[in-house]
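Biologist: I am new to this structure and would like to go through it with you. Could you show it to me, please?

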Amino acid sequence: MAKILDGVSRTFSEYLLVPRLTKRQHIPANVSLRAPIAKFDGTAEPRLSLNLPFVSASMQSVSGVDMAIALARQGALAFVYCSQPVEKQAEMISRVKLHKAGFVASDSNVKPDATLAEAIAITKATGHSTVAVTDDGTSKGTFVGILTDKDFWEFEDDLNDPVSAYMTSVEHVVHGTEGMSLDEANAMLRKHKKECLPILDKKGRLQSLVFKKDYVDHRKNPNELLDAQKRLVVGAGINTHDYRDRVPALLEAGADVLSFDSSDGYSEFQREAARWIRERYGDAAVLGGGNVVSGEAFDYLVRDADVDFVKVGIGGGSICITREQKGIGRGQASALLDVIAARDRHLEKTGVYVPVCSDGGLANDTQIILALAMGADLVMMGRYFAMTDESPTPRVSIGGRVYKPYWGEGSNRARNWQRYSTTGEWRFEEGIDAYVPIVGPVKDVLGVTSAKLRSTMCNMGASTLRELAENVVLTRISEQSFVEGGTSNVLSLDKDQPQEV
């Protein structure tokens with residue numbers, strides 16, 4: 001006999017927040033948006049927290065290298081998609097880790113007898129204007145000089161000339177020594193008015209480079225999410241099929257967080273894969289499980305799979321049609337509240353706090369705020385980030401407006417059979433292929449959402465996300481109260497253009 005759950009499967013649009021007492025200290029400047037993403041003893045600090053509670057979905061049309069860099073710079077996190085060969089995903093992770101590291105391993109290197117044309121080809125391939133010249137052309141060779149785009153004129157100089165004819169030789173290059181601190185290196189850059197500082201060991205071999213632009217970027221982005229080596233933090237999606245090959249490659253490349261990309265994570269497949277990772281790598285990387293829509297499934301992943309955080313949501317994404325195709329899922333608000341209740345019971349019983357990520361069903365900033373108020377520690381979004389400049393898809397013009405393609409991992413276009421099929425045979429779609437309007441850079445979009453969130457938290461008498469969830473009072477709304485919440489009986493200047501009469 002079928003079991004029917006009490007209550008209705010509800011969405012975020014059916015709720016509003018009831019304001020609490022706003023005290024003098026509750027101003028946006030005092031609000032912290034830090035969010036844990038790794039489980040921890042309730043009395044200790046998590047081994048990894050985000051500075052903003054936002055992560056991008058592991059999707060081909062969302063989370064590429066540019067997105068990962070942009071989000072980490074703002075204090076958030078991207079999950080580079082796994083629906084691609086292992087080597088390509090690992091290479092994307094490496095590019096993010098090398099992008100900003102304080103002490104950067106040089107990826108543009110030539111021998112002194114290389115031609116100028118060869119050096120230019122390297123700069124075009126890497127996108128970097130500085131080339132280190134070493135005796136053997138490697139990043140750890142004996143340093144003999146440096147070449148920048150200011151040292152030559154590409155369309156005037158003879159490109160067959162050797163690099164040695166244009167480079168600044170080592171005796172004229174200001175350089176630092178291995179073991180100096182990043183502050184000391186930046187001080188040298190400032191003192192000598194240089195853009196790049198090579199770091200050499202006692203034998204004159206190149207160890208790394210320090211750039212002025214990295215210092216400037218950090219000052220402009222004080223919430224950057226960095227690892228212990230001052231590199232950007234990045235996540236990676238994984239699956240339950242090739243994890244034995246994929247996980248080692250991703251960890252070797254530097255991935256900080258791994259998360260199973262599955263439409264339904266309540267499975268023995270995910271438990272077995274998670275246990276394999278834990279047995280071999282322990283806490284080397286934060287591990288996320290999901291997706292689930294019930295407290296029962298949360299308990300299973302935490303107890304049997306030993307995951308660090310759990311993603312909640314099935315079928316609520318803007319391009320997801322799992323509910324329509326297979327009849328499984330749950331209203332996102334109901335699913336989240338059920339899982340949060342299970343999380344709180346787990347905390348009370350064990351003293352261990354397991355972060356929860358609300359994934360999907362977020363149509364606007366208000367619903368993002370509601371998800372966090374209901375107890376989610378962070379939210380995962382696809383469409384939200386697909387609309388930004390940094391998403392990996394090309395711009396297209398439709399009817400005079402500019403859009404970007406956006407497709408689900410369950411669509412034919414993604415061909416991500418590992419996420420939806422145990423046989424490798426594609427029979428039906430669980431996602432659609434669509435377009436979304438471009439809204440601007442990640443920094444600006446997150447800035448607006450974060451400002452709304454901080455303001456709401458002040459209305460709720462909360463200075464942290466944990467306080468927000470503890471203080472929250474929710475009220476369900478009727479159809480008429482939903483109408484009442486919008487504009488009425490007025491002409492909107494955005495839609496109605498007045499004409500003189």
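Predicted model: local features only at pLDDT ≥ 70, side-chain atom pairs only at ≥ 80, totals over all residues.

Biologist: How many helices and strands does the protein chain have?

Modeller: The secondary structure comprises 16 helices and 24 strands.

Biologist: And what share of the residues is buried?

Modeller: Of the 501 residues in the protein chain, 50% are buried. The accessible surface of the chain is about 24800 Å², and carbon and sulfur atoms account for 50% of that surface.

Biologist: Among contacts between residues at least 6 apart in sequence, what percentage joins residues at least 24 apart?

Modeller: The figure for such contacts in the protein chain is 64%.

Biologist: Let us turn to α6 and α7. How do their axes cross?

Modeller: The axes of α6, residues 243–253, and α7, residues 268–281, come within 11 Å and cross at roughly 45°. That angle makes α6 oblique to α7. The crossing of the two helices is right-handed.

Biologist: Which residues meet there?

Modeller: From α6, Y243, R244, V247, P248 and L251 meet E272, A273, W276, I277 and Y281 of α7. By class, this contact has 8 nonpolar residues, 2 charged residues and no polar ones.

Biologist: What does R10 touch?

Modeller: Leaving aside residues up to four places away in sequence, R10 touches Y15, G331, Q332, A333, S334 and R476.

Notes. Residues numbered from 1 in each chain as written. Heavy atoms only, no water. Axes fitted to C-alpha atoms, helices over the stretch in contact; angles between N-to-C directions. Helix = DSSP H or I, 4+ residues; strand = E, 2+ residues; numbered from the N terminus. Parallel < 35°, antiparallel > 145°, perpendicular 65-115°, else oblique. Left-handed = near helix turned anticlockwise from the far one by under 90°. Contact = heavy atoms within 4.5 Å. Nonpolar A, V, L, I, M, F, W, Y, C, P; charged D, E, K, R; others polar. Buried < 20%, exposed > 50% of the residue type's maximum accessible area, 1.4 Å probe, protein only. Areas by Shrake-Rupley, 256 points an atom, 1.4 Å probe, with all protein chains shown as cover.
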